[in-house]
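Reader: Hi! Could you walk me through this one while I have it open?
Author: Happy to, here it is.

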Number of protein chains: 2
Amino acid sequence: MIAVDWGTSNFRAYRLGAEGTILERRSSTQGILSVENGGFAEALRAEIADWLAHGEERILLCGMIGSRQGWVEAPYLRCPAGVAELADSAVNVPFAGAEVLLVPGISAHDTDGVHEVMRGEETQAAGLLESGASPMLICFPGTHSKWIHLRDRRIVNFTTSMTGEVYGALRNHTILGRTMTTENTVDNAAFLQGVARSADSGGLLHHLFGVRTLTLMDQLKADSSASYLSGLLIGHEVRAAMPYPSAVHLVGAASLCSLYRQAIETCGAPATVEAEDAAARGLAVIARRLRWI
Amino acid sequence: MIAVDWGTSNFRAYRLGAEGTILERRSSTQGILSVENGGFAEALRAEIADWLAHGEERILLCGMIGSRQGWVEAPYLRCPAGVAELADSAVNVPFAGAEVLLVPGISAHDTDGVHEVMRGEETQAAGLLESGASPMLICFPGTHSKWIHLRDRRIVNFTTSMTGEVYGALRNHTILGRTMTTENTVDNAAFLQGVARSADSGGLLHHLFGVRTLTLMDQLKADSSASYLSGLLIGHEVRAAMPYPSAVHLVGAASLCSLYRQAIETCGAPATVEAEDAAARGLAVIARRLRWI
């Protein structure tokens, strides 16, 4: 079978063997935003024509491809939801020459009625659901970080933090960026200094101004202030998402996961960076429930 | 005498009577950044030539005019500092035809060694030092809000929050702004909804994403989402600056002070919006100590 994680900016496909083993993988920047005039069937065929020719007849999709801007809209499942609910609610997508199913996204409600939605992370989390640990906290760091709570092999709740996007806006569009160099090298000590500062009671909006004063007073090098800002924001995110220390599983780009791991450990909790291809593992788990493998 | 609050973007001058009464006031956008080639003496003379011709012989300045980018750099005074310290450390500025003194700014250290500095607000606060209430908490809302703690008629500490600038960066340079209208009308109910949300334990970076989901789910009108964002940020600022309810004196633009008053009252503390011309009153108090009036 073929497993596809089709997001806003990226397309990632895997050819899976009988046990869910990854036989082949490929990816491109053909995210749903770069597909024109709804030509998703053609785009998919172009990406994996050789696999289809090879005889693959089943394709399982997840990610933003199931959103209103995607191929077929798959309504959000409400939490709590596990592998069974995700598999049972998979939406059929017409496609000549193969059976195509699309895993829906999930929605949750915050304590005071604010909605949360995700598409893709629920499938990546599904691969960890079977690991047995319960409860489990999974973090997907990024532009809009997701923190997913698992209990009894189901996703029971999740929250989103705008950390990555706020970092970019502050760095590129406030006075804080003026003294920052354009390099992206991380100064680990400055990053941890920012994480430590986030434990202070003064609040994020106050701590942010400190990036400026520390630099002006030569207590922080201009080259290091971007790393300090990153530590401040990630520290605030981690402390709010993890009100008491709790083991965290990190899924995402290695460099970012490494920073989050350090921030989580600073807050007194253990953190594990999960292997890549979480989407392939999650899609395999759901495919098994569908009796595709 | 003449009292001048000369900031980065604005010039505000007052002709004061014997008791510190404001006899005349004027202002312009001739802030220190618009004065070229260090021509501060000429710029000052151009603004108040008629008052000087009228026989005024003493000028007391405060604000960014005392910074490295200003006329003469007045070193920061360390907290705690009151009217006596501000008057005693005033710096003499050579100027033909009048005696000119410049009130220094103040610096403070946060609990973990992060510096804070201000120029101008210390003088505006000085006008309130004599009111007798002790301790007192004064808030100057704005791009970089200041929160000043007074005790025994001295400024003992202060903190800065980047609230106004962060609001602008988020509104103009993140996904949150995409659904916001360009109008600046405040929806008071949405503002208070944002303030209420800030009491939740999820943290600011998580709450920010709620601006998007509430709008997408039609729980918040696009026209109101900027007010909600403002309430969220000001709510977080107020709660962090005021860990326990405490009476706050607000100094600043009437519309912004009104929003802060509501946020502070929502947090269970009384707030008073102070009369305008706080700088004139503060400069008069310092001038009295100098025996100028």
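Predicted model: local features only at pLDDT ≥ 70, side-chain atom pairs only at ≥ 80, totals over all residues.

Reader: Thanks! How many bridges pair β1 of chain B with β4, and in which sense, parallel or antiparallel?
Author: Strand β1 (residues 2–6) and strand β4 (residues 58–62) of chain B pair in the parallel sense over four bridges. Two strands count as paired if DSSP finds at least two bridges between them.

Reader: And what's the strand order of the open sheet in chain B?
Author: Its six strands run in the order β3-β2-β1-β4-β8-β7, with mixed pairing. β3 (22–28) and β7 (91–93) of chain B are at the edges with a single partner strand each, so one side of each has no neighbour in the sheet. On average, neighbouring strands of this sheet are turned by 20° against each other, direction ignored. Axes for such angles are lines fitted to C-alpha atoms, for helices over the stretch in contact, and angles run from 0 to 180 degrees between N-to-C directions.

Reader: Which strands does helix α1 of chain B lie across?
Author: Helix α1 (residues 40–53) of chain B lies across β1, β2 (11–16) and β3 of that chain, and runs at about 5° to β2(B). Contact here means C-beta atoms, placed from the backbone, within 7 Å.

Reader: Over to chain A, then. What joins β1 to β4 there?
Author: Four bridges join strand β1 (residues 2–6) of chain A to strand β4 (residues 58–62), and the two run parallel. V4(A), for example, has L61(A) as its bridge partner in β4(A). As for helices, α9(A) lies across β1, β2 (11–16), β3 and β4 of chain A, at about 120° to β4(A).

Reader: Nice. How many residues of each chain are in contact across the interface?
Author: 39 residues of chain B are in contact with 39 residues of chain A. On the chain B side, β10 (115–118), β13 (154–161), α4 (163–173), α6 (204–216) and α7 (225–241) each supply at least two residues. α6(B) gives the most, with eight residues.

Reader: How do the residues on that side of chain B divide by type?
Author: They divide into 16 nonpolar, 17 polar and six charged. The nonpolar class is Ala, Val, Leu, Ile, Met, Phe, Trp, Tyr, Cys and Pro, the charged one is Asp, Glu, Lys and Arg, and the others, Gly among them, are polar.

Reader: What rotation superposes chain B on chain A?
Author: A rotation of 180° with 0.0 Å of shift along its axis does it, at an RMSD of 0.1 Å. That is the relation of a two-fold axis. In chain B, the C-alpha nearest the axis belongs to A169(B), 2.9 Å from it. The same surface serves both copies, as 100% of the contact residues of chain B recur in chain A. The superposition is by least squares on C-alpha atoms of residues with pLDDT of at least 70 in both copies.

Reader: What about phi at N37(A)?
Author: N37(A) has a positive phi of about 55° although it is not a glycine. N37(A) is in the loop between β3 (22–28) and α1 (40–53) of chain A. Most residues other than glycine have a negative phi.

Reader: Is I138(A) buried or exposed?
Author: I138(A) is buried, with 23 C-beta neighbours inside 10 Å. The cut-offs, with C-beta atoms placed from the backbone, are 20 or more others within 10 Å for buried, 12 or fewer for exposed, and partly exposed in between. I138(A) sits in strand β11 (residues 136–140) of chain A.

Note on methods
Residues numbered from 1 in each chain as written. Chains lettered and ligands numbered in written order. Contact = placed C-beta atoms within 7 Å.
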